[in-house]
Amino acid sequence: MKFHSIHLRNYRGIADSRVEFGDGVTVVEGPNEVGKSSIHEAITHLREDKSSSRKASVKETQPVGVDAGPEVELHLSTGDYELKYRKRWIKQPFTELSVIKPRPEQLSSDDAHDRFLSILADTVDVDLLVALDVAQGESLAQAPLAQIKALHSALSESGVEVADHDDFLDQVEAEYLKYFTKSGRETGEYKDINAQVPVVEAAFEELRERSRGMDDLVDNHARAAARLKTVRTQLTQALADRDEAEQAAKAVAELKAVLDQAVDHAKSAQRDEQIAREALDRRTQLIADATDAQSAVTVAGKTVAGLESAQGDKDSDFDRFQKALEEKQSAVDDARAQAKAAAKTLAKARARAEQSDLTRRLEAIREHDEKKSRAQATIGSITVTTKDVEKLSSLETEVRIAEHAKTSAAAQIEAKQLGTRALNIDGTELGEGNSGEFAALKDVRIMIDGVADITVRPGASPVELDKALTSAKGAFEAELERLDIDSVSQARDNANVRADAEAVMAEADSTLKVLLGQDKRDKLEAALARAQQILGADGTSASTDDKAGNGAEVDGQTRDRSLSELETAVAESEATVDDAQSAVDSTRIELERTRTSRDDARVETVRAQTSLKEAETQHERLTSSLAEARKTNSDADLDEEVTSAEARATNVGSQVDEARVAYEAADPETLEMQLQNVRQLVGSKEAQREEVRQDVDRLSALIDDRASEGIYEKLAAAEETMESARRKQTRLGRQATAINLLRTTVLNHKEESQRKYVAPFKEQIEKLGRLVFGQGLSVEVSEDLEIVSRTLDERTVPFESLSGGTKEQLALIGRLAVATLVDSDSGAPVVLDDAFGFADAERLNALNVILSTVGQSAQVILLTCQPDRFARLGGAKSVSLT
Amino acid sequence: MRFVATGDWQLGMTAHYLSTEARPRFHRARLDAVKRIGEIAAEQSCDFVVVCGDVFESNQLDRAIISRTFEVLAAFTVPVVLLPGNHDPLDAASIYDSHAFTSRQPGHVHVLRDSEPFEVRPGVEIIGAPWFSKRPQGDLVAQATQNLAEAAPGKVRIIAGHGAVSTLDPDRESLATIDVDSLKTVLREDRAQFVALGDRHATYAVDERIWYSGAPEVTSRREDDPGNVLLVDIDAQSHASSVEKMHIGRWSYLVVEEDVNSDEDVSHLEQRLADIPDKDSTAVWLILRGTLSTAAKSRLDDILDHATDLFALVSLWERHTDIAVVAADEDFAGLGLSGYLQESLDELAETAAGEDLSASAAQDALGLLYRFARSGS
């Protein structure tokens, strides 16, 4: 279909206007209100509304203030027809159709209207016509292309029209939903059986394991039973072995007992032998000892004799030195007397000078001193003090104790006078019939008148006792001597007198101290005494003057000699004394030496005598012992005893050897080890038997327990359940697979055919659209030929979400694509009223290119008030509506 | 002297492959067969019945089977001698040692627990070779017979054994294989007069006087002659013997092979199934080969569904079955398929004709397509 021209009269604001359309793009421009939209409206009215129509939309086209109806004439070609179709509405309405080709026709009124619609229906798709006709403000929406047969037939040339198999699809879907959810997951029975199969398989497997476990138990039981049998056999054998070993051990024990007994016998025999031997040895020793004692006596005897003769020599030596000493001593005494005389002479000379001096001085104190002197004399005469008495008494006691001890230890002589002859013991006459006891403490002389003179010498009393006694006596006597008294009682009396004198002297002494003054009295006294002594040494009294003359005479000679001469004489005589004295001393030393030698000899003699005595005693004792022993057993008996004991020991020894050989031949150690081994074996085999028996019992119990379960039936039931479930699973699986396959196949083919069908349309949209949106453009076109989404540079956006401009552009491109696809004869013009208002300059340029392209194969009529929009549209016819 | 030789009663056996409803019948059929054996023994004036092993299917059976068995055996008028076999050996779990067995064992029922001669009737002794475990370490029958002396005239000796014989399975590595040569020697030397064997469920004569009686009721589709017992006659004096096979089984296991390439073939199979008697004690395994149109296959499926309701079992023996389904033009011609449906049909038909695994799925899908299209047209 092509529009050639349209002629409007009294239509809205248009009084009379005619527009010629080109074959391609025609741009009808004109300012607002001019009525360019009326062109679009008029074509629709002309087609749809009869001239008699009183519709509101028709009435609105009546121009205000004009008394004439709106009138439209359209010149067009469609199919083989060329027509002029004219209508006037409201006032003097009419309809005229002039068919110019192929055969001229002229129709009017409803005939014309019907004929026009008939021609239209035959030649063009009215839906297409409507779809390509875009009124002002409709450009954003997509045209409903699904119903356009022309488009369908155009598309069918390349693809196959998608058939309508909805019923079939419903059945497929219903079957599919038995097995799968819409999202493809298993469901219903199919899902259940798939879940069930592993469960029943596991149950079956568990029971099969239980059955196998039972078989295993039976196998184990068989093995354990066999083991038990073996162990029992082994145990029987072990028991027999043990009995045998025990018998052998018993035999060995008996051999051992024999051996032990023999060993005991041997020990006993050895002891006997030893005893005999020892007896013999003792006898031999005794004989030897007796012989030795005899020799010792002989030797000691000789020694004593030799010593006794030496003793005599020593005694005579001593006597000789004794005499020599006495001579020398008298020489000393003479010399000392001379020296003394010389000294006396000297002293007298000195004393005489002093005497007168001292006599005068002492005369004054003598009176007082006499008193003291007397007392002092008394004291001096009595040296015994009370303390001394006590000590003395104590010492006496000591002596008595020692004596008593010695007496007790000393030999006692008991004597009795039997006849009339006097018996005198130590000077004591016993008298007839009397008896007495005497301790032989010293030599006791026993005189039997006219018969005997016996001296009993005490033997060596115990040294300690002697020493003690001697010591005690010595101490006692030394004390008596020191005190110059005889007895203890005397000492006690003297001590009392002395005590009185001491009291007197103390009194005198204090008086003398006053008299003496600075000088010491004793010094004066001594000096005077010395002087007087010296002077009175010639035996004359010096106290009388008379005698003094005499004395002076005597001393005259002395006085004649000087003191120095006297002193020299004294020294000479003193030297003589010293010489004599040293001769005495040397002689004394020699004497002492001789005495010592003599004493030593005496000790040695006594000692030798003692030894001799002891030897004799020993000899005697041994001899008697030997004699006594020989009375019991002679030496020969003892020898015999030893010999027979040896023989017995040898005999028993050989018995021991025999018993030992027999015992060791039985190899007791090996037997013992064997016995131990076989005993342990019995023990371990018994334990093993018990263990295995328990094992067998345990297994039996387990088997009995399980046997009653009926595992076979349970297993069979489980297998049935499993098989049944598997069959069902297989069956449902096949069915599920089948429906899934069918559904997938059918849907794939349906989709594929749809895809193929819309492909040319899609391609055309993309081809045109790329001019606007670029090379990265693709679109998805639905079954209903709607643009579902646009993908640009791999970014897909649903159509509804696109911007207004893009929507408009895509929707119009869709229409233009249809126009290009539809056959130009059966197609329809694209009428766009005020389109592309949303496009920017760049897109507008691209759209101009598109329109130009489309215009080459289809008629496009653009109605616009902004002709600049299409200024760059090549090949367009421009019509200005005024 | 006459006796019944039987074996492999397999009492308690279940058949999981049968239909749920057929299984109790199958189970009961075994006891019914035993009952008939008792009747035959009485009718045929037999002296005793010897059962050569596998009296029970398993030692793991629920002991209730013993009571049911004794209930049937109680009706026997002759002694019944049972031999433990590989299914019911005298091991620690032995059913023969269970309290249920020992406490209720009828007087005329005897279990061969060792190889000592058992005098079942005066002058007739049975030498059993019972199994003591599932894996014996030697030829039990040879062991049982090695020390037998020649049977005197007037005396008859029968050997009861269980297991495979060397001539049937010479390569078998099992230690328990029964040596036929030594058995023949025993018979030739007149140390025994007959050997009754169990283990093989089909009746089979190993030798003139060595027989497998077979199971009295079928247990497997592989058995070629099940369901029999043997009536054995032995002359006590001459030791001459004769064997008569009697069929007593009620159940049959059938394998039906058919080539199905057309609707007519399907009809033929239908008729063949219909002609089988005693359907409820018959299990059928079908071996079908051929190419069927989708419509014919659809009909075949219907027929098999129907048969399943009648038989104890109708099963396609999948391993041997090979039916190809083709989308025949005439099937779909009148169904008004067009456009993408036609394309789908073409694609599925091509896949279905292929060799790979997807072929059967495609055939099934074609079946569905056929069904939906037909119901819509």
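In which hand does helix 16 of chain A pass helix 18 of chain A? The close-ups below come from a predicted model, in which local features need pLDDT of at least 70 and side-chain atom pairs count only at pLDDT 80 or more, while totals for chains, interfaces and linings use all residues. Residues are numbered from 1 along each chain as its sequence is written, and chains are lettered from A and ligands numbered from 1 in the order in which they are written.

**View 1. Helix 16 (residues 711–773) and helix 18 (residues 841–855) of chain A.** The crossing of helix 16 of chain A with helix 18 of chain A is right-handed (the near helix is turned clockwise from the far one by less than a right angle). Their axes, lines fitted to C-alpha atoms over the stretch in contact, come within 8 Å and cross at roughly 150 degrees, and the two helices are therefore roughly antiparallel (an angle over 145 degrees). Helix 16 contributes A:L768, A:L771 and A:V772, which meet A:R843, A:A846, A:L847, A:V849 and A:I850 of helix 18, contact being C-beta atoms, placed from the backbone, within 7 Å.

**View 2. The loop residue A:R12.** Between strand 1 (2–11) and strand 2 (14–20) of chain A, A:R12 has a positive phi, near 50 degrees, although the residue is not glycine. Most residues other than glycine have a negative phi.

**View 3. The cis peptide bond between A:K101 and A:P102.** Omega of this bond is about -10 degrees, and A:P102 is found in the loop between strand 6 (94–101) and strand 7 (105–108) of chain A, strands being DSSP runs of E with at least two residues and helices runs of H or I with at least four, numbered from the N terminus.

Notes. Axes fitted to C-alpha atoms, helices over the stretch in contact; angles between N-to-C directions. Parallel < 35°, antiparallel > 145°, perpendicular 65-115°, else oblique. Contact = placed C-beta atoms within 7 Å.
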